[in-house]
Amino acid sequence: MSKRGFEERLREIDALRRSDSGIDAEPELRKALSDKRSNFMVKKAAQVAGELGLRGLTPDLLAAYDRLFEDAVKKDPQCWGKTAIAVALKDLGYDDPEPFYRGAAHRQMEPSWGKEEDSAGALRANCIAALPGCRVDAFELLVKLTDALLDPDQHVRCEAAATIAHLGHEAGAAPLRLKARVGDLEPEVLGACLSALLALDVFDAVEFVAGFLQSPDEQARGEAYGALGAASQPEAFAALKRHWDRDPMGRRAIALALAASPREEVAELWQQAIEREDLDVAEAAVEAFASSRFREKLADGMAAAVKRRDNERLTRVWRRHTLA
């Protein structure tokens, strides 16, 4: 197939998203899923099948998935096809764990700039995310997720932490706490573990996470700010408020972290920052407010605080963030 013909075929597959009836799209998508020349064609067909909710294509998705594991580097470079199929199967409610376990264990080393790199990280992460929706034994899955907390790919490690929280079993707190204590070269992984612990909310999770506010590592403190800032527990906000009172150097980071807070009490702290704190902290409070879910509800009170501060620089920041 010529390059022009291939691109036209991709456009035809993409256009099936707008089909009046998803069933009418099945024959063309079935044909594309069986394409042995292009994993990108398979990727596109799997994406459309998942978006249209075409469960009738499940056997075709599984057949293509199996095929792309054979001589995988040649048939499915970058794991594009397998990853799209895994996502589609999850979206279609497929609940047999075997394909997802297979994908979660897959490594695919491919040449890259004179060395080999694993291209299967996204596949593993998506398969891990799908497993809680399958017919699985919770403890067996928890063991596999614990292993995944040590995956070479940081995105897989983060997804493993989030999936432990999604699984919802209190035993998941043990590997999350251990991983948090051991640490990670990527601070985002620590943040994912702390957020997962707060989501499980067992065994004094808030107290455990708040302990990281005393870490000598600035990045670890930042991840704790973020996890506590986004948490729903009133104790999480109280822990940040106590740290705000004790550590003036952390106030800017705390103000920003509270942008994700589901608690309306953050307004009082932001207003205090705007009226009394150094300008960098006051500006952080404005920036956080601007992206808060309470932006419309709190706007008048925040505007009044900016007016009382009567600082030209802060007023410019307020206008930039609120008039955009």
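Which are the buried residues of helix α11? They are Ala173, Pro175, Leu176, Lys179 and Ala180, where buried means under 20% relative accessible area, exposed means over 50% and partly exposed lies in between, with a 1.4 Å probe and protein chains only.

The model is predicted, so local features need pLDDT of at least 70 and side-chain atom pairs count only at pLDDT 80 or more, whereas totals for chains, interfaces and linings use all residues. Residues are numbered from 1 along each chain as its sequence is written, and side-chain values use heavy atoms, with hydrogens and water left out.

**View 1. The whole protein chain.** The secondary structure comes to 20 helices and two strands, with helices (H or I, at least four residues) and strands (E, at least two) taken as DSSP runs numbered from the N terminus. Taken along the principal axes, the box filled by the C-alpha atoms is roughly 70 × 45 × 40 Å. Of the 324 residues in the protein chain, 48% are buried. Among contacts (heavy atoms within 4.5 Å) between residues at least 6 apart in sequence, 67% join residues at least 24 apart.

**View 2. Helix α11 and its cover.** Helix α11 runs over residues 173–182, and what covers its buried residues includes α9, α10, α12 and α13. After α11 comes Gly183, which has a positive phi near 90 degrees.

**View 3. The packing of α10 against α12.** Helix α10 (residues 154–167) and α12 pack at an angle of about 5 degrees, and their axes are 8 Å apart; the axes are lines fitted to C-alpha atoms, for helices over the stretch in contact, and angles run from 0 to 180 degrees between N-to-C directions. That angle makes α10 roughly parallel to α12, since angles under 35 degrees count as roughly parallel, over 145 as roughly antiparallel, 65 to 115 as roughly perpendicular and the rest as oblique. On the α10 side the contact is made by Gln154, Arg157, Cys158, Ala161, Ile164 and Ala165, and on the α12 side by Glu188, Val189, Ala192, Cys193, Ala196, Ala199 and Leu200. By class, this contact has ten nonpolar, one polar and two charged residues, where Ala, Val, Leu, Ile, Met, Phe, Trp, Tyr, Cys and Pro count as nonpolar, Asp, Glu, Lys and Arg as charged, and the others, Gly among them, as polar.

View 4. About 280 Å³ of space lies in the largest pocket. On a 1 Å grid over the protein atoms alone, a pocket is an open set of points where a 1.4 Å probe fits, with protein on both sides within 12 Å along at least five of seven lines, and lining residues have an atom within 4 Å of a point. Of the 14 lining residues, Glu218, Met249, Gly250, Arg251 and Ala253 are the closest to the centre of this pocket. The elements that give two or more residues to the lining are α14 (218–230), α16 and α18 (279–290), and α14 gives the most, with four residues. The lining has five nonpolar, two polar and seven charged residues. Arg251 lies in helix α16 (residues 251–257) and is buried, with a relative accessible area of 13%. Leaving aside residues up to four places away in sequence, Arg251 touches Trp244, Asp245, Glu277 and Val281.

**View 5. The second largest pocket.** About 200 Å³ of space lies in this pocket, and its lining residues include Tyr101, Arg107, Lys144, Asp147 and Asp151. Two or more residues of the lining come from each of α7 (98–104) and α9 (138–148), and α9 gives the most, with four residues. The lining divides into eight nonpolar, no polar and four charged residues.

**View 6. Two loop residues with positive phi.** Most residues other than glycine have a negative phi. Gln78, although not a glycine, has a positive phi of about 65 degrees; Gln78 is found in the loop between α5 (72–75) and α6 (80–91) and, at 40% relative accessibility, counts as partly exposed. Asp201, also not a glycine, has a positive phi of about 55 degrees; Asp201 is placed in the loop between α12 (187–200) and α13 (205–210) and, at 43% relative accessibility, counts as partly exposed.

Terms used. Points joined across faces, edges and corners; volume = space filled by probe spheres on them.
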